[in-house]
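Hi everyone, thanks for coming.

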Amino acid sequence: MFRVLQNRTTNSKILLPHNEFNYTYTPLSNFSRFVIFPHVQSQRVFARRKLFAFLASTPIKEVENGQLYFDNYDNMRIITPARWPINIRRFIAGPNEEKLMEKLKSGEWIPTENEMPYNFKIEGVKIRKKEDGMFVNFTFRVNNYQKEKALEEIIERIQNSLKDKKDVLWFNVNAHLVKGEPFIEDLIDRYPVSRLRIEFQGPDVLTETLYKHLEPYGLIRDINLFPASSNYISRYALVQYVKIRPAICAKNCLHGMTVNGTRLNIQYDSPIRMYRIYKWIINHPTLSTISIPLIPFIAVAAVVGITYGLDFICYIFVRTRITYYYLYQRFREKTNSLFTTFREKPEEEIFNFSTKEQEDKLQNWLKDPPENFIVLLGPTNSGKSGLVNRIIREKRNTVYIKCDDIVDSRNKNERALELAKQVGCSSVLNLVISFSNFGSLLANEIIGHKIFGLPSTVDDPVKKVLDLVENALYKTRRSRRTQRDSENEFPIVVIDAYMIKYKENHDLWELLVKFATELVKNKLSHVVFVSSNIGIINHLENQAPSMQINTLDLHEPDEVINLVDQYARDKNIEIPEGLKEAVSYIGMHLTDLGLFIDKIRNGKKPDDALNNLISETKADVLRIAFRDEIEHVTNKEWNDIQFWEIMKKLSKKEYLFYDIVKSSPIFDDDDSPIKAMERAGLISITQLPKESSISIIKAGKRLYQKVFAEISSDELFETKMKYKTAQFYLSLENNKIKEYEDELKKLVKIDSKWNNKWSSSLSFSWLFGNGHEVINHRVKFLLSQLKKSLARAKKHQKQIDELKQNYELILNRKGN
């Protein structure tokens, strides 16, 4: 009897009757099969063979599952360890799984399901944010013996599609077939690295076999096999990839894969971290006795290393400032010109006190190799800095040091920070000083002495900044770019406001002179000193006797009116009547000239503009010189009659001799009030042009002479100051009279004792001399001086009474 055939069931198998395969063997049945019913048996065999042939010719497709790994689903390349307190990925939201499913099914990345073979369908997406990848689960239909071929065809089509769309997918997505069973974990202390640890669960795998499976994912640096360290730790291999991305792909695609009967368990192998080394040393029974004392020394070494690293960064900043600052200035000028197109542009300088010959001379000095100092002299606010800025504006490799901002600092560190700010490394230098101080303190406590060579161990941190500038100029001058661009163009260092008069003895000047001397001797750069102090020449000759000095003097010319004529000719301007005379009173002071020209442009006549400027300046002089409420100063260092004495004489003379003024009774050889007046800008102390050893006192600026004359001609103010002066001289004479009287009393007592002692008949005057005669000579001299002082005191008292009456009369007259 033929068996009953069912073609298909739910699990796609052919079912045969149970008795066809399980029957009891009996001799009778065997005899009937081969003897009694041979024809029926042959028909059964024929039918069975025919059935097997039919099954073999008809393929049966089954539903299979597969998995793909995309190694870069987004453009976030930064891998942040999950154990960090701030995770960048929490703030950068990438696409979610639903959006990725839509992109995959829509054909944006890979072909659509209709274009794929074997009934390809995407079933799900699993994102791996920590590894910047994703798993894609899919299904397909294929015979068992064609499964590998189908998977190869599917992954090949997907990879070709990604290559074709590489211009669209700018972040370079790659797809790989998952061959193992990936371990999807989210452990905090495990994050991707470029080294993999592959443990063998089974027989060992050769290096050639590992390389064949690992090489398709990326370039491998090395593969090392290690023996089993114990019965519990199996044999393993360390695979070092060149990059981290292929290591991630290999770990996710090959973990759990069976190779020659061995299961590969893959995980990331992080390098040994510092805290593990520290823990191992501390817990070691032998090394712990050595390691604990070494910890402070390691801390000192770390602080010192950080300090030198920051010092190198500071050097890089200084060199960048020197080399590329001119590009920043050009960019700023272009930007300002764009934004100020429709705005009123600032006015140019009214007058340029430097002549064309002087500018050409300075430019020629800067073109030659540096051999001498260049000194630019001129009164305050006369355009010295403007001249230098015009010349170096288009030049590269320049350093500009403004000393007046540095000397006003309170201590050495603040001076160094201000200088570093001007050369471009203030922020880094602050860290260098902090770490160096901390390192020196730590070393002093641990080692017993400071570490020499750190910035804090230098006498002055300003010297450290100057050394950085010198090294940067050395590298700049020796660089190939500088020599290729222009071999004759040398760097320029400008030291502005050098040797400020009220800080003439500052220790900064010595450091700057040594710094400038090294630069010029080594031919690293030109050095230009800009100063208003004539004493700079003698100072530089004393500090650097081996250096020659090229001086460019911008002091006031003989006729300022010639500058006005030249300016009018250049601008084609008709000079109004009275302008030249007014300018002669102002002199070469840019601020006053600018205010004067502004008043003329507003419609005022030259005489009216001058009078207005004089009245404004007069108010400033009265406020500064004769009142106690001075800006930034609690009490004046001079009294009213001291400045009145100088002002009254300067209103009639161009200059006064310094020594004569200092030795007058009002100053009594004390020059501190005179220096204080100079610091306030009321007067200026200079030297005679032809006699540098003779000091003179001049008005603080040319306009002050006119202002001093105006104040001195004020009848009420003059009477008041004469009254104060007479009181001062009266008190001075009264003090002298008191001194004379006290000395006369002492002499009278001495003379009376002398007479009583030697009044006996036995006289020794032949031996000791006549002391009475000596005392008489001294008494006569004191009496003559006392008589003169009494006469002067009487005269001053009479003058005081008259001035008091005149002052009251003037007040009543002006009041009426």
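What percentage of the residues in the protein chain is buried? Buried residues make up 39% of the 816 residues, where buried means under 20% relative accessible area, exposed means over 50% and partly exposed is in between, with a 1.4 Å probe and protein chains only. Before going further, a word on where this comes from: it is a predicted model, where local features need pLDDT of at least 70, side-chain atom pairs count only at pLDDT 80 or more, and totals for chains, interfaces and linings use all residues. Residues are numbered from 1 along each chain as its sequence is written, and side-chain values use heavy atoms, with hydrogens and water left out.

The protein chain has 29 helices and 17 strands; these are DSSP runs numbered from the N terminus, with helices being H or I of at least four residues and strands E of at least two. Of the contacts with a separation of 6 or more, 70% are between residues 24 or more positions apart, and contact here means heavy atoms within 4.5 Å.

Now to some helix packing. Helix 23, residues 640-650, packs against helix 26, residues 702-712, at an angle of about 110°, and their axes are 8 Å apart. The axes are lines fitted to C-alpha atoms, for helices over the stretch in contact, and angles run from 0 to 180 degrees between N-to-C directions. That makes helix 23 roughly perpendicular to helix 26. For the cut-offs, under 35 degrees is roughly parallel, over 145 roughly antiparallel, 65 to 115 roughly perpendicular, and the rest oblique. On the helix 23 side, the contact is made by F643, W644, M647, K648 and L650, and on the helix 26 side by Q705, F708, I711 and S712.

Helix 10 brings E359, L362, Q363 and L366 to the contact, and helix 11 brings L387, R390 and I391.

On to the rings. How many aromatic pairs does a search of the whole structure find? The search finds 16, taking rings of Phe, Tyr and Trp (its six-membered ring) with centres within 6.5 Å, and calling planes under 30 degrees apart stacked, over 60 edge-to-face and the rest tilted. One of them is F626 with F717, edge-to-face at 5.0 Å centre to centre and 80° between the planes. F626 sits in helix 22 (residues 606-626) and F717 in helix 27 (residues 715-757), so this pair ties together parts 91 residues apart in sequence. F626 is buried at 13% relative accessibility, and F717 is buried at 15%.

F728 and Y729 have ring centres 5.7 Å apart and planes at 70°, so they are edge-to-face. F728 is partly exposed at 23%, and Y729 is partly exposed at 22%. Ring pairs also link F626, F643, W644, Y704, F708 and F717 into a cluster.

Last stop: where is I184 found? I184 is in the loop between strand 4 (175-177) and strand 5 (195-201), and is partly exposed at 37% relative accessibility. Beyond its neighbours within four places in sequence, I184 is in contact with K126, R128 and F135. I184 and F135 are 49 residues apart in sequence, and 9.7 Å apart C-alpha to C-alpha.
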